[in-house]
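Dear colleague,

Please find below the structure that I am handing over to you. My notes on it follow, arranged by topic.

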Amino acid sequence: MSTKSSLNAFSKAQKLIPGGVNSPVRAFSSVGGSPIFIKEAKGAYLTDVDGNNYVDYVQSWGPLIFGHRDESIEAAVIEAVKHGLSFGAPTIAETDLAELVVSMFNSIDKIRFVSSGTEAVMSAIRLARGFTGRDDIVKFVGCYHGHSDCLLVEAGSGAATFGNPSSPGVPADFTKHTLLAEYNNIESVKKCFADSSDIACVIIEPIAGNMGLIPADKEFLLELKSVCEANGALLIFDEVMSGFRASINGAESITGTTPDIVTLGKVIGGGMPVGAFGARSEIMAQLSPEGPVYQAGTLSGNPVAMAAGFAALSKLKQNSKVMSVLNARGVRLVEGMKKEASVYGIDMQIDTRGSMFGFFFNSNPVKNFADAGKTDSELFASFHAGMLKEGFYFACSLYETGFISTAITDEMIEDTIKASAKVFKEIKNG
Ligand SMILES: *Cc1c(COP(=O)(O)O)cnc(C)c1O
């Protein structure tokens, strides 16, 4: 397998773009490799600039639940483009997508669209602060909520991979209102409330996907909600990743905990840049122009992006069984790989939620970021490189989640498991 064209493309990109990439995790730094440059993709497969094909378990970091170039999404985008790229004025496409999302999430009466997950979360935090008239927020160590200033503290995934959880350029004055709690540890949340009577909201990934896949315990979320209620703080579920990936009705439908505000992204745009935040009417009424909390965007609710999102979500809603089919494949994949790993004395911790799957090379259960950090990163790097050579594209950091799309067949899953056996064998035999 030659990757010469990718290597050339990377060295040119590095001269013009910091690190050669427009988002740090893409650089393969944590696995010590060089990134594959993509030429095109179709269904389950990515094709790189050297002509190599890979079964794609990254799917643009989540959005592509129907695989690459899904016919109905592609057709919707082409149709929308013919009518104009952007108007900066309202379109019916925005109301259509809003209606669809509201029909899928019990906790959402009204929604506003933005252009990224980062923007969605940043705006949701402002809304929570405006609604409660309080300044402090609580976040969990290892959860990632985009790269806005007040949330870039102990932020998992890319930030964790690169070892600079609080980035230079973020003034301490901006993060002094961000209190940290430990995932799945209610006492650590209670301590935050004991330390501050000015907490506007607690934000959590209810199914954490940015420190590897670590779903929150049901009881923990129920308690979290009651602690928030008792203290007059709002609970924000950041479902930018898990929304439409773990369940089509949100984490609330599988955890039994109802959030006050939900943030969405990734799948909601069907591959186009879309983020959103929604809540009950009383909270959303605070938002400008209905209320005083300011938030805006030149390309927010972009008609082409709305069309892609609508095509993706309506297809999901019409195929209510799709999530259990994807889950069965995810379970088969991680169970199969775990079994192969055990042959070579390698311990794995595995989990799935809907179309999300995760695995850690770890002997003990992983409940929080500290546990995730005890994963064998060298082993992960060898596994990643080995699988890539075999034609399987996994996320290039051990703190990421894997995704199954409808384009990934049972046969591909079996092939992946077989390849993993070969890779584990090579690793053990040095
Ligand atoms: C990806 C992600 C974000 C950030 O979304 P962007 O579109 O990359 O800005 C925020 N929160 C969670 C949980 C995410 O997974």
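How many cavities of 30 Å³ or more does the count give? The count comes to three. Please bear in mind throughout that this is a predicted model.

**Cavities**

The volume of the largest cavity is about 90 Å³. Its lining consists of Phe 357, Gly 358, Phe 359, Phe 380, Phe 394, Ala 395, Ser 397, Leu 398, Glu 400, Thr 401 and Gly 402. By class, six of these lining residues are nonpolar, four are polar and one is charged. Strand β14, which covers residues 356–360, makes the greatest contribution to the lining of the largest cavity, giving three residues.

**The second largest pocket**

The second largest pocket holds about 570 Å³ of space. A total of 28 residues line this pocket, and those nearest its centre are Glu 94, Ile 111, Arg 112, Phe 113 and Ser 300. Two elements, α3 (92–104) and β4 (110–114), each give two or more residues to the lining of the second largest pocket. Divided by class, that lining has 13 nonpolar, 10 polar and five charged residues.

**The ligand and its surroundings**

In the side chain of Asp 238, an N or O atom is 2.7 Å from a nitrogen atom of the ligand. Asn 210 places a polar side-chain atom 3.1 Å from an oxygen atom of the ligand. For Tyr 144, the atom concerned is a backbone N or O, which lies 3.3 Å from a nitrogen atom of the ligand. The ligand taken alone exposes 380 Å², and the protein buries 83% of that area.

**A four-stranded sheet**

Four strands form an open sheet in the order β1-β2-β3-β15, and the pairing within this sheet is mixed. Why is one side of β1 and of β15 left without a neighbour in the sheet? Both β1 (38–42) and β15 stand at the edges and have a single partner strand each, so one side of each lacks a neighbour there.

Within the sheet, strand β2 (residues 45–48) and strand β3 (residues 53–56) run antiparallel and are joined by three bridges. Leu 46 has Tyr 54 of β3 as its bridge partner. The hairpin of β2 and β3 has four residues between the strands, and Gly 51 in this hairpin takes a positive phi near 90°.

The pairing of β3 with strand β15 (residues 392–393) is in the parallel sense and extends over two bridges. In these bridges, Val 55 is partnered by Phe 392 of β15, and Asp 56 by Tyr 393 of β15. As a general point, the strands of a sheet pair through backbone hydrogen bonds, either parallel or antiparallel.

With kind regards

Note on methods
Residues numbered from 1 in each chain as written. Predicted model: local features only at pLDDT ≥ 70, side-chain atom pairs only at ≥ 80, totals over all residues. Heavy atoms only, no water. Polar contact = N/O pair within 3.5 Å; in protein donor to acceptor, adjacent residues only side chain to side chain. Areas by Shrake-Rupley, 256 points an atom, 1.4 Å probe, with all protein chains shown as cover. 1 Å grid on protein atoms, 1.4 Å probe; cavity = no way out; pocket = protein on both sides within 12 Å on 5 of 7 lines; lining within 4 Å. Points joined across faces, edges and corners; volume = space filled by probe spheres on them. Nonpolar A, V, L, I, M, F, W, Y, C, P; charged D, E, K, R; others polar. Pairing = 2+ DSSP bridges.
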